[in-house]
Amino acid sequence: MKRQQVFEFFRRLAETNPSPTTELESENPYQLLVAVVLSAQATDASVNIATKPLFEHIETPQQMVDFGEDQLRNAIKAIGLFNTKAKNVIALSQELIDKYRGEVPRTRDELQSLPGVGRKTANVVLNTAFGEETFAVDTHVFRVCNRTGLAPGKTVDEVEARLEKIVPQPFRRDAHHWLILHGRYTCKARLPECWRCPVIDLCRYQPKTPPPEERIKSSAARSGRPKSSAARIAKGRTASKPKAGRSRSRPSRLP
């Protein structure tokens, strides 16, 4: 996309949602860090269900360590990969106590040094907890950037680098939230809802998905068509075959 188009792309997303943020529920940077670690290969909704009772009495790394891995595993067992995630959360909590006096560090390198924390998780924490202009590229952001032509790339790192170059002010801080939410609710993986997309004319995706009523009409029209000639011929061949078990009559021999 050209610079003007990129600006217009984010201007429209901002117009539809002026104050986007993560859908993960938390009360402080530590809880956010834990929630993002738990959200790997899981939905935000499932994580919120698990963390709501957990965060009612766990607000610090020390409280999490005291809670223990066994109890944590049981508390998050509805989330995918809960065994590994429980182990990582306890380990990162202990590291926060040992190295950072129980505080969440504010640099990407320090965050990524924690167990279970990758670049995407670090970017989310830096952006959401500390207001840094980072671009966390998850599956939704990766899909939207490639499908629309906004910031195409073969890897998440390429997409992130491209976003870093093209996203203008004043949209940089909230850009990845708009892209995540757009991918989650409009530019969906299986069936993008193009008919209600605010950036449809800026998007290179083809063919655009028509509204549900048009798809229903189109489907009904296809189902009402006569069978193809190939299908009729095949049916005729099947009908002309002799029935199983019936012997054909043979001419008698001449005397």
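1. D201 is exposed, because its relative accessible area is 53% and exposed means over 50% relative accessible area, buried under 20% and partly exposed in between (1.4 Å probe, protein chains only). The structure is a predicted model, in which local features need pLDDT of at least 70 and side-chain atom pairs count only at pLDDT 80 or more, while totals for chains, interfaces and linings use all residues. Residues are numbered from 1 along each chain as its sequence is written, and side-chain values use heavy atoms, with hydrogens and water left out.

2. D201 forms a salt bridge with R12, and the closest N and O atoms are 2.5 Å apart. A salt bridge here is a side-chain nitrogen of Lys or Arg within 4 Å of a carboxyl oxygen of Asp or Glu. R12 belongs to helix α1 (residues 3-16) and D201 to the loop between α11 (175-185) and α12 (212-223), so the pair ties together parts that are 189 residues apart in sequence. R12 has 16% relative accessibility and therefore counts as buried.

3. The salt bridges come to 14 by this rule. R196 and E193 form one of them, at 2.5 Å from N to O. R196 counts as partly exposed because its relative accessibility is 42%, whereas E193, at 14%, counts as buried. Through shared partners, salt bridges also join E8, R11, R12, E15 and D201 into one network.

4. Another salt bridge pairs R119 with E160, with the closest N and O atoms 2.9 Å apart. This pair links distant parts of the chain, since R119 is in helix α8 and E160 in helix α10 (residues 156-166), 41 residues apart. R119 is partly exposed at 34% relative accessibility, and E160 is buried with a relative accessible area of 8%.

5. What is the secondary structure made of? The protein has 13 helices and zero strands. Helices (H or I, at least four residues) and strands (E, at least two) are DSSP runs, numbered from the N terminus.

6. Helix α2 (residues 29-38) packs with helix α8 (residues 119-130) at an angle of about 150°, and their axes are 10 Å apart. The axes are lines fitted to C-alpha atoms, for helices over the stretch in contact, and angles run from 0 to 180 degrees between N-to-C directions. α2 and α8 are therefore roughly antiparallel to each other; angles over 145 degrees count as such, under 35 as roughly parallel, 65 to 115 as roughly perpendicular and the rest as oblique. The crossing of α2 and α8 is right-handed, meaning that the near helix is turned clockwise from the far one by less than a right angle.

7. On the α2 side, the contact is made by P29, L32, L33, V36 and V37, and on the α8 side by T121, V124, V125, T128, A129 and F130. Contact means heavy atoms within 4.5 Å. By class, nine residues of this contact are nonpolar, two are polar and none is charged.

8. T51 lies in helix α3 (residues 44-55). At 1% relative accessibility, T51 counts as buried. Leaving aside residues up to four places away in sequence, T51 touches E25 and L38.

9. For the protein as a whole, buried residues make up 39% of the 255 residues. Among contacts between residues at least 6 apart in sequence, 58% join residues at least 24 apart.

Methods
Ala, Val, Leu, Ile, Met, Phe, Trp, Tyr, Cys and Pro count as nonpolar, Asp, Glu, Lys and Arg as charged, and the others, Gly among them, as polar.
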